[in-house]
Amino acid sequence: MLLHLIEERNKLFEEVENDWRKREKRVNNADEDDSDESDSDDIDECIVKGRSMALNAFYRIARNTMSMYFSKTEQPSASEVEAEFWRHVDTRQCHVCVHSGSIDSGSVGYGFPVAKNSSTSRHPWNLKVLTNNPGSILRSLGPIMGVTVPTLHVGMLFTACCWYRDPHGLPWIEYLHTGASKIWYGIPDSSSSVFREAVTKLVPR
């Protein structure tokens, strides 16, 4: 069982790496080729790997983006943000570009504390120690970003992640450390095909 999981994990990582190589190759080709066809390929990409930036620069962009769509003096409610997000998806009248970031929290100082002098370093719900539970098979996988090592996500207004279904049916645990509310959508397995059909109609490729 464990060997099978490791083989599937390695295969998945290889597929992701190959996909990123193809994306980077397309971006590099677009930089060298000014043809309209190359430009249209970039426009069709939903998520594009960008440059690294400091958190204070990210915060400044996030603040400016918020002021473009909502009042500077009043914080919008989660329902107002959600309605505006889906309005853009539904009408498709303008292109909205926002940033997001993912940080490997395996490095010291990110996410949950692991120092011995911290009161939560050994807490069972500390995501950095959760997968080391003696009763969990995940501890045998070693450090894997996003599985046994939590990922710290940074987002702004309209930041969205891809719809995702874990290939092994692993549960998803997430903490909102700070900032505005985050909206989650969950689809039961019994409705996955109906959901896929609905999204395909809403956002055709």
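So, what pattern does the protein follow, read along the sequence? It goes α-α-α-α-β-α-β-α. That comes to 6 helices and 2 strands. Keep in mind that what you have on screen is a predicted model.

A few overall figures before we zoom in. The protein has 205 residues, and buried ones make up 16% of them. It exposes about 16000 Å², with carbon and sulfur atoms supplying 54% of that area. And if you take the contacts with a separation of 6 or more, 63% of them are between residues 24 or more positions apart.

Okay, aromatics. A search of the whole structure turns up 8 aromatic pairs. Let's start with Phe-85 and Trp-86. Their ring centres are 5.2 Å apart and the planes sit at 90°, so we call that pair edge-to-face; the cut-off there is over 60 degrees.

Next pair: Phe-112 with Tyr-175. This one is also edge-to-face, with 5.0 Å centre to centre and 70° between the planes. Where do the two partners sit? Phe-112 is in the loop between strand E1 (101-104) and helix H5 (127-130), while Tyr-175 is in the loop between strand E2 (151-154) and helix H6 (192-202). They're 63 residues apart, so the pair links distant parts of the chain. Phe-112 counts as buried because its relative accessibility is 15%, and buried means under 20%. Tyr-175, at 35%, counts as partly exposed.

Now over to helix H3, residues 55-69, where you'll find Met-66. What does Met-66 touch, leaving aside its neighbours within four places in sequence? Gln-75, Pro-76 and Leu-157. For Pro-76, which is 10 residues away along the chain, the C-alpha to C-alpha separation from Met-66 is 9.3 Å.

Last stop is the second largest pocket, with about 170 Å³ of space. It's lined by 13 residues, and the closest to its centre are Lys-128, Asn-132, Pro-143, Thr-148 and Val-149. How does that lining split by class? We get 5 nonpolar, 6 polar and 2 charged residues.

That's my tour; over to you.

Definitions and conventions. Residues are numbered from 1 along each chain as its sequence is written. This is a predicted model: local features need pLDDT of at least 70, side-chain atom pairs count only at pLDDT 80 or more; totals for chains, interfaces and linings use all residues. Side-chain values use heavy atoms; hydrogens and water are left out. On a 1 Å grid over the protein atoms alone, a cavity is a set of points where a 1.4 Å probe fits but cannot get out, and a pocket is an open set with protein on both sides within 12 Å along at least five of seven lines; lining residues have an atom within 4 Å of a point. Grid points are joined across faces, edges and corners, and a volume is the space filled by probe spheres set on the points. Ala, Val, Leu, Ile, Met, Phe, Trp, Tyr, Cys and Pro count as nonpolar, Asp, Glu, Lys and Arg as charged, and the others, Gly among them, as polar. Rings of Phe, Tyr and Trp (its six-membered ring) pair if their centres lie within 6.5 Å; planes under 30 degrees apart count as stacked, over 60 as edge-to-face and the rest as tilted. Helices (H or I, at least four residues) and strands (E, at least two) are DSSP runs, numbered from the N terminus. Buried means under 20% relative accessible area, exposed over 50%, partly exposed in between (1.4 Å probe, protein chains only). Contact means heavy atoms within 4.5 Å. Accessible areas come from the Shrake-Rupley method with a 1.4 Å probe; for residues, only the protein chains shown count as cover.
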